[in-house]
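Hi everyone, thanks for coming along. Let me put the structure up on the screen, and then we can walk through it together.

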Amino acid sequence: MTDTQPAHTEGGPASPQAATVAFRAVGKTYPGASEPAIGELSFEVPAGEICVLVGPSGCGKTTALRLINRMVEMTSGDILLDGRSVRDQPPAELRRHIGYAIQQIGLFPHKTTADNIATVPLLLGWDRERVRARVDELIALIGLEPGEVRDRYPSQLSGGQRQRVGVARALAADPPLLLMDEPFGAVDPINRERLQGELLRLQARLRKTIVFVTHDIDEAIRLGDHIAILRRGGVLAQYAPPAELLMAPADDFVRDFVGADRELKRLALIRAGDADLRPVDDGLAYDLVRDDAGRPVAWLRGGERLPVLAIDRDESLRDALSSLLASPVRYGAVLDDDGRVDGVLAIDAIHRLLRREAGGTGA
Amino acid sequence: MSALTVVAQAGGGFFRNRSGTPTCEERNGLCPAWIAHHLDRYASPFWQHLVLVLVSVGAGFSNNFTLALMAHRRRWLVGPFVQLTGILYTIPSLAAFFLLLPITGRGSLTAIIALTAYTLLILFRNVVDGLDGVPDEARDAGRGMGLTARQLLWRVELPLAVPAIMAGLRVATTTTVGLAALAFYAGAGGLGAPMEADKAFDSNIVVAGGLCVIMAVGLDAMLVFAERVAAPWARARAAP
């Protein structure tokens, strides 16, 4: 479960190459439609953050995304990138400076991996040498072997490889803003989780501004620094960081959408090491036996000897709780990076933490 | 069977036998010696035929390409174009030659106009289908990355339509090789002329017909090769 750690990118300055995105009362009504597809949408994405647009189908989240690079033209309001209206330049010019990755990936079947990735750099007039170096750099960045995949056509790549190449292509010209429309939508759950982890690791290094569309609230919670929940008609139901969204849903619609297990989802956002850990000698019902290096060996009570549940401090509380529920002992040993026991995690500590963060009111 | 009836059967043939024994030609067989000796008389019709095919398919292709690109931009043109070329396609080729004769006179021009008309339906449909077959997501990604409409057409849509376009070219070329055998009715020569001149002599028909087949197969092979060069990706499958 290495990829399920709460991976919110915190700290670290935004890349100088990251843009702010500001929706200012943006509206879109299609000709002949009685209802707007997007109505009066206003929110702001800080530079270097991942903003996830999420909502049920037909809520206009993809439309909202496509308004940014003018694949769909808004009918009212404005969108500002670093304070500059997207309408200030011709659409093709604007799009070359915004990364774009979509669900079906849209790799060009007639171009090799390298030529696909090189699309935007070549449009921008980079010279061949620079393009070639950049292509190899990106292939390595997405964890593939340049010599192996560079000259392959998309039909010769696996689904996961194609997805990664799609991301590399979107990053090719180092755009300050990336638009991703359900880029992992067509991938099986295991690979999706892996790709999400890779995206977060990539983002920890690149610190781009990313606007990401998904219908999957779990994906939104995992990836988003901020989440914008939309309801039908492109109306913003709530715009908040994931923890706040889960703790204080704005209304019944948001509460329903995030699901009945939102407390568990909150736990997924917290690291085991950040909970209240008890010292080993805190009068626990069991004694923890450790070896000379401080690594846990067994629990002892009377003559009884029980196996130790070891929890990485970076593991999510959700996973830790799940393991605890299945463990014969109500305690888990939380380990530091060297495998030494840092403290003991008990189920009631998790309960207290949730109550405290929610201000003791619950929901 | 008397020598006289043999001569009569070969009626209008190239040969008369003065001795009593029937020759291969008289027996109307397949005569390698005769063929080897007379092959050069087919050279000129062969080249005429080839030129008719190349010019007609070439003209058909370039016309079509323009029409198909127009129709690709303006979808409502597809229906009328298909109907028009479909009607052209249903006119019997001989009738077309005879209809054109009073206007364009005897000669290559008449034949080329008629032959070109026949390529239109096949080529038009294939170019349009090829462009329609481009995956929407490739088009969307192209637009989203900042390709202009023209760049999208030349760098994405047309390259992806190459297999469909080449398939149309192959059918059109093979069909035209066959139809061009009638071009001599319009006074344009081609391999139909020697066929007509001695149509009862099997060796003659086999050679002239065989050359048509060789031409069709040869041109087809060249188009297959061209497609491999122009669309290597179409044959790329999962690598070992």
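Let's start with a term: a nonpolar core is a set of buried Ala, Val, Leu, Ile, Met, Phe, Trp, Tyr and Cys residues joined through C-beta atoms within 7 Å. Buried here is a matter of counting, with C-beta atoms placed from the backbone: 20 or more other C-beta atoms within 10 Å of a residue's own make it buried, 12 or fewer make it exposed, and anything in between is partly exposed.

Before we use that, please keep in mind that this is a predicted model, where local features need pLDDT of at least 70, side-chain atom pairs count only at pLDDT 80 or more, and totals for chains, interfaces and linings use all residues. Residues are numbered from 1 along each chain as its sequence is written, while chains are lettered from A and ligands numbered from 1 in the order in which they are written.

So, how many residues does the largest nonpolar core have? It has 152, and Val211(A) and Leu345(A) have the most contacts inside it. The biggest contribution, 14 residues, comes from helix H6 (residues 108-132) of chain B. Helices, by the way, are DSSP runs of H or I with at least four residues, numbered from the N terminus.

Now zoom in on Leu345(A). Two residues are in contact if their C-beta atoms, placed from the backbone, lie within 7 Å. Beyond four places in sequence, the contacts of Leu345(A) include Ala272(A), Ile311(A) and Tyr331(A).

Next, where the chains meet. Here 19 residues of chain B are in contact with 21 residues of chain A. On the chain B side, H7(B) gives the most, with 6 residues. Look at the loop between H7 and H8 of chain B, and you will find Gly146(B). Is Gly146(B) buried or exposed? It is buried, with 23 other C-beta atoms within 10 Å. Its contacts beyond four places in sequence include Ala92(A), Glu93(A) and Leu123(A).

Over in chain A, all 8 of the 8 residues of helix H1 (residues 61-68) are buried, so this helix is largely enclosed by the rest of the structure. After H1(A) comes Arg70(A), with a positive phi near 60 degrees.

Finally, confidence. The predictor's confidence in each residue is called pLDDT and runs from 0 to 100. Chain A averages 87, and 94% of its residues score at least 70. Over residues 1-13 of chain A, though, pLDDT stays under 50. Where pLDDT is low, the predicted coordinates should not be read in detail.

Conventions
Helix = DSSP H or I, 4+ residues; strand = E, 2+ residues; numbered from the N terminus.
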